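Look at the picture, try each task yourself, and then follow the solution step by step.

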Amino acid sequence: MGRIPPVIIIVTLLTAGIIAFSLVISGGLPQRQDRNISPLTRVEVRDYEGARLSSIADFRENSIRGPQYLSAETYRLEISGLVRNPRSLSYDEILTTFPQFEKKVTLFCVEGWDVTILWEGVRVKDLLADAGIAPGANTVIFHAADGYSTSLPLDYIEERDILLAHTMNRVRLPAERGFPLQLVAEDRWGYKWIKWVTRIQISDEPSYQGYWEQQGFSQSGDIRTSSFT
Ligand SMILES: Nc1nc2c(c(=O)[nH]1)N[C@H]1C(S)=C(S)[C@@H](COP(=O)(O)O)O[C@H]1N2
Ligand SMILES: [Mo]
């Protein structure tokens with residue numbers, strides 16, 4: 001076999017070089033695109049232990065002054081009144097220094113609609129124990145950023161493991177749903193489910209009347225009874 005003429009070798013190498021160079025400047029061989037995958041922001045769960053949940057979107061927005069927009073950075077939850085050590089908790093402290101619980105509970109509004117949601121949050125009784133409940137306390141009054149308030153018996157809060165929720169259907173509470181915290185007042189009418197909670201006041205006045213209670217809605221708010229007194 002004869003030797004390959006040098007001119008053929010040079011032409012072959014040049015051609016290969018030109019092809020390689022044009023591939024590089026044109027972006028190379030077809031390859032996997034850097035796909036634009038956004039980190040999966042938490043998606044609402046709609047099925048839980050075999051049951052269908054409602055959606056965050058199934059609520060009706062009928063708050064007394066419309067949605068409140070609170071900032072997680074500056075938020076404080078005050079715990080005051082008949083407590084030994086008044087507390088001022090940040091959003092992070094609530095999420096990281098208290099035990100977290102989840103439960104599926106239905107909210108019934110006196111208007112006739114209801115929503116079943118998987119709630120996650122902290123037990124109000126753990127927050128109260130941290131502040132130290134003083135003797136004579138029997139009522140828990142909740143105040144919100146929109147001037148709304150409501151109250152519930154201390155026994156109910158403790159015995160029923162009532163939660164202050166920061167998460168619904170595994171999604172952080174949106175502003176419209178009460179960010180950062182909504183009370184999950186199970187078996188009580190929707191008006192007891194105070195949103196945008198900013199202060200918990202421990203009291204010895206079971207007769208304290210919140211916003212809707214002052215308008216004639218029942219003090220207990222028990223869903224087994226009528227919503228009017
Ligand atoms: N701060 C505050 N919390 C509130 C209210 C309100 O007006 N302000 N409305 C209550 C009523 S009447 C109901 S039925 C529930 C319903 O929650 P939603 O407004 O997210 O649907 O929120 C309750 N919590
Ligand atoms: Mo309501």
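Predicted model: local features only at pLDDT ≥ 70, side-chain atom pairs only at ≥ 80, totals over all residues.

Residues are numbered from 1 along each chain as its sequence is written, chains are lettered from A and ligands numbered from 1 in the order in which they are written, and side-chain values use heavy atoms, with hydrogens and water left out.

**Exercise 1. The whole chain**

Task: Find how many helices and strands the protein chain has, and what share of its residues is buried.

Solution: 
- Step 1: Begin with the DSSP runs, numbered from the N terminus, where helices are H or I of at least four residues and strands are E of at least two. The chain holds 5 helices and 12 strands.
- Step 2: Next comes burial, where buried means under 20% relative accessible area, exposed over 50%, and partly exposed in between (1.4 Å probe, protein chains only). Of the 229 residues, 43% are buried.
- Step 3: Now turn to contacts, meaning heavy atoms within 4.5 Å. Among contacts with a separation of 6 or more, 66% are between residues 24 or more positions apart.
- Step 4: Finish with the accessible surface, computed by the Shrake-Rupley method with a 1.4 Å probe. The surface is about 12,900 Å², and carbon and sulfur atoms hold 54% of this area.

**Exercise 2. Rings in pairs**

Task: Work out how many aromatic pairs there are, and why the pair of Phe59 and Trp119 is edge-to-face.

Solution: 
- Step 1: Take the rule: rings of Phe, Tyr and Trp (its six-membered ring) pair if their centres lie within 6.5 Å, and planes under 30 degrees apart count as stacked, over 60 as edge-to-face and the rest as tilted. The count by this rule is 8 aromatic pairs.
- Step 2: The ring centres of Phe59 and Trp119 are 6.5 Å apart and the planes stand at 90°, so this pair is edge-to-face.
- Step 3: Phe59 sits in the loop between strand S2 (51-52) and strand S3 (76-81), and Trp119 in strand S6 (residues 114-123), so the pair ties together parts 60 residues apart in sequence.
- Step 4: Phe59 counts as buried because its relative accessibility is 11%; Trp119 is buried too, at 0%.
- Step 5: Compare Tyr191 and Phe217, a tilted pair with 5.3 Å centre to centre and 55° between the planes. Tyr191 lies in the loop between strand S11 (182-184) and strand S12 (197-203), while Phe217 lies in the segment after helix H5 (211-214), 26 residues apart. Both Tyr191 and Phe217 are buried.

**Exercise 3. The largest pocket**

Task: Find the volume of the largest pocket and how its lining residues divide into nonpolar, polar and charged.

Solution: 
- Step 1: On a 1 Å grid over the protein atoms alone, a pocket is an open set of points where a 1.4 Å probe fits, with protein on both sides within 12 Å along at least five of seven lines; lining residues have an atom within 4 Å of a point. The volume is the space filled by probe spheres set on the points, and here the value is about 400 Å³.
- Step 2: There are 23 lining residues, and Asn62, Tyr148, Gly190, Tyr191 and Trp212 lie nearest the centre.
- Step 3: Ala, Val, Leu, Ile, Met, Phe, Trp, Tyr, Cys and Pro count as nonpolar, Asp, Glu, Lys and Arg as charged, and the others, Gly among them, as polar. That gives 14 nonpolar, 4 polar and 5 charged residues.
- Step 4: Look again at the rings: Tyr148, Tyr191, Tyr211, Trp212 and Phe217 are linked into a cluster by ring pairs.

**Exercise 4. Leu118 and Asn169**

Task: How many residues apart in sequence are Leu118 and Asn169?

Solution: 
- Step 1: Leu118 is in strand S6 and is buried, at 1% relative accessibility.
- Step 2: Leu118 and Asn169 are 51 residues apart in sequence, yet 4.8 Å apart in space, C-alpha to C-alpha.
- Step 3: Beyond neighbours within four places in sequence, the contacts of Leu118 include Val45, Tyr48 and Asn169.
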